[in-house]
Amino acid sequence: MTTPTRGRGPRADCIADAAGGVTFDIAGTGAPDALLVLRRRGGGTGDTVRLPLTPAGGDHSRAVLPGTVELAEGHWDAYTDDGAAVEPGIRDLRALVGRVPGAGRIAARVPYPTADGRLAVRCWLRRPHAEAGDIGMAQGACTVEGVLYGAVLGTGAVAEARLGGTVHQVPLTAVGDGGEHFALTLPYATLAGPSVDGERLWTLWLRPSEGAWPVRISRILDDVWDRRNVFVYPAHEGEGYRAAPCYTADNDLCVRLSPGT
């Protein structure tokens, strides 16, 4: 396996499709057996995908990552087969906006530029999956609407806020007749308890029915690879605490609590 070098490789334009595929158009032509290499950050020897580069007209080559190729969740960095990091070009992500996945596993891939100017692909692989939608503010609470994929809401469906071994459940409301759209209201005071002596990050989950495995509530079905600084919600000042919904670096939905002012 080629070890990545500090050198920079060619620039690649990307087109993402709604089925989870990504096409890479790369400036320059390589040898007949040239490859585009995707390597999962922090992964092992098996976390490498090699995509053949084929002529694409002019002085460009093309590699295609089909949506049918399964990639583990994480950040996949792009390299040439001699180990040089590929630079990001134009990224056409329009097909990801408002995406409705098909049946089966959900593979979400978003090409993005890293902070140090390299090309990477953020990948998620979920089934089932609870996609967060509109998030609203109520009196001392937040409201969340979303869609459940790969499962149907049944008897005993609840939302769960978790912090370590502590779990708080709130009722889950089915919206419509399909059994997939849901809504919930989460009171902040329930999470704050008698006092908040430091920052707490409560993770939000959906349990589709009594006894079912919980499903993480996230938002991954669009073109945003990191929502932390893009989707910022107003904080509620409670009795001795401050609370607001937020997303993690993995686009998982949480509620952040901190001591009040």
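Trainee: Where is the place of L93?
Mentor: Residues are numbered from 1 along each chain as its sequence is written, and side-chain values use heavy atoms, leaving out hydrogens and water. Strands (E, at least two residues) and helices (H or I, at least four) are DSSP runs, numbered from the N terminus. On that numbering, L93 sits in the loop between strand 8 (85–92) and strand 9 (106–113).

Trainee: Is L93 buried or exposed?
Mentor: Buried means under 20% relative accessible area, exposed over 50%, and partly exposed in between, with a 1.4 Å probe and protein chains only. L93 has 9% relative accessibility, so L93 is buried.

Trainee: Which residues does L93 touch, not counting those up to four places away in sequence?
Mentor: Contact means heavy atoms within 4.5 Å. G21 is 72 residues from L93 in sequence, and their C-alpha atoms are 11 Å apart. Beyond four places, L93 touches A16, V110, P111 and D223.

Trainee: How many helices and strands does the chain have?
Mentor: The C-alpha atoms fill a box of roughly 65 × 45 × 30 Å along the principal axes. Of the 261 residues, 46% count as buried. The secondary structure comes to 1 helix and 21 strands.

Trainee: What share of the contacts with a separation of 6 or more comes from residues 24 or more positions apart?
Mentor: The figure covers contacts in the chain with a separation of 6 or more. Residues 24 or more positions apart account for 63%.

Trainee: How far apart do the centres of the positive and negative side chains lie?
Mentor: Lys and Arg count as positive, Asp and Glu as negative; His and the chain ends are not counted. Each charge is placed at NZ of Lys, CZ of Arg, CG of Asp or CD of Glu. The chain has 26 positive and 30 negative side chains, with the two centres separated by 3 Å.

Trainee: Where does pLDDT stay under 50?
Mentor: The chain averages a pLDDT of 91, and 95% of the residues score at least 70. Where pLDDT is low, the predicted coordinates should not be read in detail. The stretch under 50, for which the model has 14 contacts beyond four places in sequence, is residues 1–6.

Trainee: Which backbone nitrogen lies 2.9 Å from a polar atom of the side chain of N251?
Mentor: N251 lies in the loop between strand 20 and strand 21. At 0% relative accessibility, N251 counts as buried. The contacts of N251 beyond four places include W124, S218 and W225. The backbone nitrogen at 2.9 Å belongs to R227.

Trainee: What is phi of N251 near?
Mentor: Most residues other than glycine have a negative phi, and most peptide bonds are trans. N251 is a residue other than glycine with a positive value, near 65 degrees.

Trainee: What is omega near for the peptide bond from R127 to P128?
Mentor: P128 falls in the loop between strand 10 (119–126) and strand 11 (129–138). The bond from R127 to P128 is cis, with omega near -5 degrees.

Trainee: Which residues does T248 touch, leaving out those up to four places away?
Mentor: T248 is in the loop between strand 20 (241–247) and strand 21 (253–259). T248 is buried, with 17% relative accessible area. Its contacts beyond four places are L201, D226, R228 and C254.

Trainee: How far apart in space are A157 and W205, C-alpha to C-alpha?
Mentor: A157 lies in the loop between strand 12 (141–149) and strand 13 (158–163). Its relative accessibility is 14%, so A157 counts as buried. Beyond four places, A157 touches L172, R207, P208 and S209. A157 and W205 are 48 residues apart in sequence, and in space 11 Å.

Trainee: What separates the C-alpha atoms of E145 and Y241?
Mentor: E145 lies in strand 12. Its relative accessible area is 43%, so E145 is partly exposed. Beyond four places, E145 contacts residues including E131, G133 and F182. E145 and Y241 are 96 residues apart along the chain, and their C-alpha atoms are separated by 25 Å.

How values were computed:
Predicted model: local features only at pLDDT ≥ 70, side-chain atom pairs only at ≥ 80, totals over all residues. pLDDT = per-residue confidence, 0-100. Polar contact = N/O pair within 3.5 Å; in protein donor to acceptor, adjacent residues only side chain to side chain.
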